[in-house]
Every structure is written in C-alpha cells, then in structure tokens.
Amino acid sequence: SYGTIALRVRGGDNGVTDFGQNSASGGWIQAGDSVTVSTAYPLLLQPIGGNVGINSTSPIFNLDISGPIGTTGSLSLAAGGEGRHAVFYLGTPNSGNNTNAYKTAIIAEGINTWSRAKLHLCLNNDSTTNSTVNNASITDARMTLLPSGEVGINNTAPLSRLSINSGSAGSNGAIQIVCETSGINQDGIAIKAGVDNNYIINFC
C-alpha cells in the first residue's frame with residue numbers, strides 16, 4: 001500500500017483524486033477509480049496554464065526545478081528494467097496541439113547488463129504527417145553514443161571511436177570540414193568515398 005488516504009476529491013462518477021501520507025516515506029497524490037483501485041487516471045497540474053515550481057516559490061518556466069543552495073540539481077527518468085528504454089521527447093507541435101507527433105527524442109536504450117545503455121539522439125524527418133505514429137524512435141537515431149565510448153553518426157552500432165554512415169549501400173559518402181560564409185563553402189577539407197570505391201581527399 002502507498003499509505004493512508006487523508007482526503008478524497010470525487011467528481012460525478014467513480015473518478016477520484018486522493019491525497020495521503022505514507023508515514024515518513026512522504027505524502028502522495030493519486031488520481032484513479034474509486035471502485036477499481038488498480039485503475040489510474042491522469043493527474044493534471046495547471047491545466048489552463050501557469051508555471052510549476054519544485055523547491056521554488058517563484059517558478060519562471062513551465063516546470064522549474066531548483067536544487068537546495070550548495071547542492072547539485074538532478075532530474076531522474078528511469079525505465080522499467082535493464083532491457084527497457086528511457087525516452088525524453090521534445091516537440092514543436094503544429095499550432096501547439098499536443099496530440100501531434102513529437103519528432104525529437106533523447107533515448108537511453110537499455111542493453112540488459114549492469115544498468116548500461118546506449119544513448120541516441122533521434123530526429124524524425126517525415127514532412128507529410130503530424131500523426132503520433134511518427135514520434136521519434138531509435139530508427140530515427142542521428143547520433144548514438146555507446147557506454148564503451150564509440151560514437152556513431154547515422155549508425156546505432158559503431159565499431160570505432162567515430163563511425164559515420166553516409167547512407168545506404170551504393171550511395172556517395174562525404175565528410176566536409178569547411179568555413180561557411182553566407183552559405184558558401186570556403187577553405188576546408190573534403191573527404192569523399194564514391195560508389196566506385198575511389199577515395200578522394202580535397203584541400204580546398
């Protein structure tokens with residue numbers, strides 16, 4: 001049990017919001033069904049707007065979390081097990097509609113051993129729909145970091161310290177290090193691997 005109910009707020013049906021205390025473990029809030037107690041409902045904070053502060057009496061952001069003075073601030077997002085993923089979505093939804101797809105995500109992919117994970121930066125580039133089926137996923141990974149130190153760009157299983165996958169087999173690969181001014185490439189280095197396996201290094 002999560003503790004003793006001290007206050008129950010009921011709507012017009014079985015939906016309730018309970019406030020309670022679990023001894024020294026802390027206080028709690030739970031929205032759910034008063035009949036089927038294992039059924040949980042969403043808990044809404046500031047549903048019409050306003051900022052929320054944790055350890056802050058004057059929050060200036062939608063969610064403002066401040067650590068006590070002299071301490072390190074922290075925020076935890078944990079998966080339900082080693083083989084699961086912890087996902088943090090970032091969205092720029094059309095017209096502020098939160099039912100649209102969240103096409104950017106930072107994903108910690110559990111690898112089943114000693115709580116380790118791959119870290120993926122994922123960006124979905126579908127420009128035809130805002131459906132939530134296009135929420136960013138590991139298949140949209142643009143950069144991957146392994147716990148052993150390897151980094152992949154468009155490669156979720158890099159075998160070297162830096163592995164860059166330019167695309168599908170048969171496509172042209174390219175790495176450019178340039179100085180750009182108004183969109184014009186100036187002095188730099190261009191390295192390309194063509195479909196005919198010719199390797200070219202240009203100092204331009």
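Colleague: What are the ground rules?

Modeller: It's a predicted model, so to speak: local features need pLDDT of at least 70, side-chain atom pairs count only at pLDDT 80 or more, and totals for chains, interfaces and linings use all residues. Residues are numbered from 1 along each chain as its sequence is written, and side-chain values use heavy atoms, with hydrogens and water left out.

Colleague: Where is His120 placed, and is His120 buried or exposed?

Modeller: His120 is in strand E8, residues 117-123 (strands are DSSP runs of at least two residues, numbered from the N terminus). His120 counts as buried because its relative accessibility is 0% (buried is under 20% relative accessible area, exposed over 50%, partly exposed in between, with a 1.4 Å probe and protein chains only).

Colleague: Which side chains have a polar contact with the His120 side chain?

Modeller: Glu109, at 2.7 Å, and Thr144, at 2.8 Å. A polar contact is a pair of N or O atoms within 3.5 Å; within protein, one must be able to donate a hydrogen and the other to accept it, and residues adjacent in sequence count only if both atoms are side-chain atoms.

Colleague: And Val87, what does that touch?

Modeller: Leaving out residues up to four places away in sequence, Val87 touches Leu77, Ala105, Ile106 and Ile107 (contact means heavy atoms within 4.5 Å). Val87 lies in strand E6, residues 85-90, and counts as partly exposed because its relative accessibility is 28%.

Colleague: Switching topic: how do E2 and E3 run?

Modeller: Antiparallel, with 7 bridges joining E2 (residues 15-21) to E3 (residues 27-33); strands pair if DSSP finds at least two bridges between them. Asp18 stands opposite Gln30 in E3, and the hairpin has 5 residues between its strands.

How values were computed. Helix = DSSP H or I, 4+ residues; strand = E, 2+ residues; numbered from the N terminus.
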